[in-house]
Amino acid sequence: MFALRTLCRGPRPLSSPSSASRTLRAPRATPVRFNSSSSKPTQAQLEAAAKRNRTANMWLSGAVVAGSFALGFVVCQTLYNSKKEPPTFLLPSNIGIELQEKMQPSYGSVADYHKCIDEIRELYKSKGKEDSVSTDADDLRSHGISDWSYHGAELPTVVVWVDSTEEVQDLVNISRKYRVPITPFSGGTSLEGHFSSRPPDPDMNRANAQPYGGISLDLSHMDKVISVSEKDGEAVCQAGVRWEDLNEQLAAKGIPLFFPLDPGPGATLGGMAGTGCSGTNAVRYGTAKGEWFLNLTVVLPTGEVIKTRSKARKSSAGWDATKIFLGAEGTLGIVTECTVKLAPLLPTKVAVMNFPGVEEAVAAATEIVNHGYPVQCVEYLDSRTMRAINEGGIAGRKYPEKDSLFFKFQGTDGIMNETAKGVVSLAKQHGGKDFEFSATDADGEKLWAGRKAALWSVLAMRPNGRVWTTDVCVPISKLPKLVEETAEDFENRGLEACHFGHVGDGNVHTLALFSDDEELERVRVAVHEMVERAIRLGGTCSGEHGVGLGKIEYLNTELGQGTVNLMETVKRTIDPLDLFNPGKVYPNIHPKHSAGDGHGPKEHSHGVDASVGKKNAEKEA
Ligand SMILES: Cc1cc2nc3c(=O)[nH]c(=O)nc-3n(C[C@H](O)[C@H](O)[C@H](O)COP(=O)(O)OP(=O)(O)OC[C@H]3O[C@@H](n4cnc5c(N)ncnc54)[C@H](O)[C@@H]3O)c2cc1C
């Protein structure tokens with residue numbers, strides 16, 4: 001039986017317990033008899049007897065071990081043949097992955113999906129909250145398709161808005177009962193198809209394929225900041241709180257603290273924990289995978305609620321259970337609350353300067369950061385992006401159309417003025433020019449407006465076009481090579497693309513414009529090449545946006561099969577039915593759109609009119 005043989009291979013090949021006992025027949029242990037004429041055995045007699053017994057014992061132990069292996073093999077074989085589920089214990093990666101490939105998860109029938117939705121509706125009716133359950137086409141679309149990703153996406157079957165941890169628990173229990181998958185959704189700003197379902201395999205007859213969209217569990221109504229402790233520098237929040245709202249509420253209360261993770265506008269704490277996000281402040285404050293989430297309240301696939309740890313600033317009480325949920329994209333648990341650490345709000349000043357090229361800009365940025373200057377952000381924008389900003393006019397001013405660095409410094413006026421002098425002198429050694437430094441907060445905002453306008457200005461370059469946005473991250477010294485080769489490759493393919501990013505971390509974003517299917521296909525190939533290039537340079541397929549549907553194909557290469565197998569085993573242990581956000585993060589776990597059970601195409605499109613699925617497919621194209 002395929003790879004299990006390898007696992008169960010004992011000291012010699014075994015085909016069955018009976019053959020094992022035949023092959024490994026041990027010589028009988030000989031009773032120790034001595035010459036009767038002599039009252040004491042000689043030394044030679046004693047040694048010979050001991051040797052005989054040692055040999056016999058060795059054979060016996062060998063036979064027991066071999067028998068156990070054989071028995072274990074038969075038990076494993078029977079178990080796996082009957083359960084058709086891959087193991088939840090760690091096996092060597094070649095075996096674990098092979099079993100996973102053969103035994104993929106599958107979900108309830110179409111009838112089960114209907115029963116599941118009926119039960120949810122009943123539950124919400126009993127609470128007088130029927131409006132919190134929707135199969136409306138627009139709701140399904142907004143919870144299944146992101147306007148930012150082009151990875152092929154399917155809709156959920158039903159959207160349910162939740163208000164409490166208990167409601168999440170109820171839904172998880174219903175989902176398990178009918179084997180209907182459940183995917184958390186909070187801000188919906190993720191970029192790699194994180195909350196979309198995978199389309200059926202190309203060889204599957206779509207009309208007859210079983211759905212697996214399932215429940216989209218929307219936590220955006222769980223948006224309360226429960227408490228803030230200025231003394232402890234922390235806030236307890238529901239998962240649907242947006243990072244900007246948290247900071248606005250702190251400012252409105254006059255609390256001089258802020259939450260420094262700054263991903264896309266509208267992102268929420270639950271989703272940010274889900275993607276392991278970061279943003280412009282990462283060079284100073286690190287990412288979501290640091291200790292900004294002190295603890296999480298999580299609903300597990302069993303329906304049990306856990307709090308991952310106390311609120312203490314640091315803890316060495318075992319390993320950090322919070323961390324396994326950070327970047328897990330909702331595949332291991334659904335975060336309903338969290339305690340986040342807050343940072344002191346320090347005065348900042350903004351500076352901008354330009355360079356002859358990416359190499360000089362990155363060299364300057366690296367030296368400035370390594371020199372220990374109090375840099376909160378250092379952002380690189382290539383000359384194309386700077387041109388787009390000028391042409392777009394959103395920033396309300398013009399900048400030199402050259403590769404540029406945007407900085408935010410922190411501290412007292414004295415410290416920042418000193419910093420500015422040091423930065424200029426270092427940057428000049430790399431050809432830095434046109435240093436601008438904000439005198440006031442208002443000046444700072446105006447200067448930073450260019451960085452803020454980058455994405456929207458690139459979008460405005462093609463009024464009827466669309467944009468593919470992606471991120472990769474490499475060791476900082478490799479960033480110039482990555483950007484130069486990527487820019488050249490896009491140009492050679494006749495594509496219009498801008499490159500900018502959080503250079504202090506070696507994180508770059510590429511925005512590629514396209515207008516039709518043919519151009520989209522060229523972009524897809526160029527993005528693929530860029531990701532492979534980043535991995536070749538010792539980097540990662542995503543510095544901050546996460547895996548979703550878009551980056552899953554790179555994990556085996558980037559992480560290696562042993563790490564992937566470890567992650568998949570953890571997933572199977574926590575969520576053996578693969579109910580939580582299937583199709584993400586684990587490259588060898590492919591949920592099935594199994595053959596249908598006699599329902600027509602309308603059923604296939606997950607309970608909505610089939611035209612929604614068609615529109616979706618057209619959009620993907
Ligand atoms: C204009 C723009 C700029 C961006 N810039 C950045 C940037 O600079 N840095 C950066 O890191 N990202 C950036 N992003 C990406 C995005 O903002 C982040 O990925 C963000 O963390 C997603 O949060 P969300 O609340 O929108 O999550 P969603 O999109 O709702 O969900 C993201 C993932 O987390 C899971 N999830 C959602 N809620 C929960 C929960 N409560 N419990 C468990 N899992 C959950 C979902 O199932 C999904 O897999 C940008 C996006 C946009 C549109």
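What percentage of the 621 residues in the chain is buried? Buried residues make up 45% of the chain, where a residue counts as buried if 20 or more other C-beta atoms, placed from the backbone, lie within 10 Å of its own, as exposed if 12 or fewer do, and as partly exposed in between. The structure is a predicted model, in which local features need pLDDT of at least 70 and side-chain atom pairs count only at pLDDT 80 or more, while totals for chains, interfaces and linings use all residues. Residues are numbered from 1 along each chain as its sequence is written.

The chain contains 20 helices and 18 strands; these are DSSP runs numbered from the N terminus, with helices (H or I) of at least four residues and strands (E) of at least two. Of the contacts in the chain with a separation of 6 or more, 77% are between residues 24 or more positions apart. Two residues are in contact if their C-beta atoms, placed from the backbone, lie within 7 Å.

Strand β1 pairs with β2 (residues 158–161) in the antiparallel sense over 2 bridges, and S134 has V159 in β2 as its bridge partner. Angles run from 0 to 180 degrees between N-to-C directions, and axes are lines fitted to C-alpha atoms, for helices over the stretch in contact.

Strands of a sheet pair through backbone hydrogen bonds, either parallel or antiparallel. An open sheet of 7 strands shows antiparallel pairing and has the order β15-β12-β14-β13-β17-β18-β16. At its edges are β15 (433–437) and β16 (466–473), each of which pairs on one side only. On average, neighbouring strands of this sheet are turned by 15° against each other, direction ignored. Within the sheet, β17 (residues 496–502) and β18 (residues 507–514) run antiparallel and are joined by 7 bridges; C498 stands opposite L511 in β18. Helix α12 (residues 383–392) lies across β13 (375–381), β14 (403–410) and β17, and runs at about 100° to β17. Helix α16 (residues 517–536) packs on the sheet as well, touching β16 and β18, with its direction at about 165° to that of β18.

Helix α16 also packs with α15 (residues 479–492), at an angle of about 160° and with the axes 10 Å apart. The two helices are therefore roughly antiparallel, given that angles under 35 degrees count as roughly parallel, over 145 as roughly antiparallel, 65 to 115 as roughly perpendicular and the rest as oblique. Their crossing is right-handed; a crossing is right-handed if the near helix is turned clockwise from the far one by less than a right angle, and left-handed if anticlockwise. In this contact, L482, E485, T486, D489 and F490 of α15 meet A526, E529, M530, R533 and A534 of α16. By class, the contact has 5 nonpolar, 1 polar and 4 charged residues. Here Ala, Val, Leu, Ile, Met, Phe, Trp, Tyr, Cys and Pro count as nonpolar, Asp, Glu, Lys and Arg as charged, and the others, Gly among them, as polar.

The axes of α15 and α11 (residues 358–370) come within 9 Å and cross at roughly 155°, which makes α11 roughly antiparallel to α15. This crossing is right-handed. V358, E359 and V362 in α11 meet L479, P480, V483 and E484 in α15, a contact with 5 nonpolar, no polar and 2 charged residues.

Strand β10 (residues 334–341) is largely enclosed by the rest of the structure, because 7 of its 8 residues are buried. Strand β6 (residues 234–238) runs antiparallel to β10 and is joined to it by 5 bridges, with T339 in β10 as the bridge partner of V236. Strand β8 (residues 293–299) is likewise antiparallel to β10, through 6 bridges, and L296 stands opposite C338 in β10.

Definitions and conventions
Pairing = 2+ DSSP bridges.
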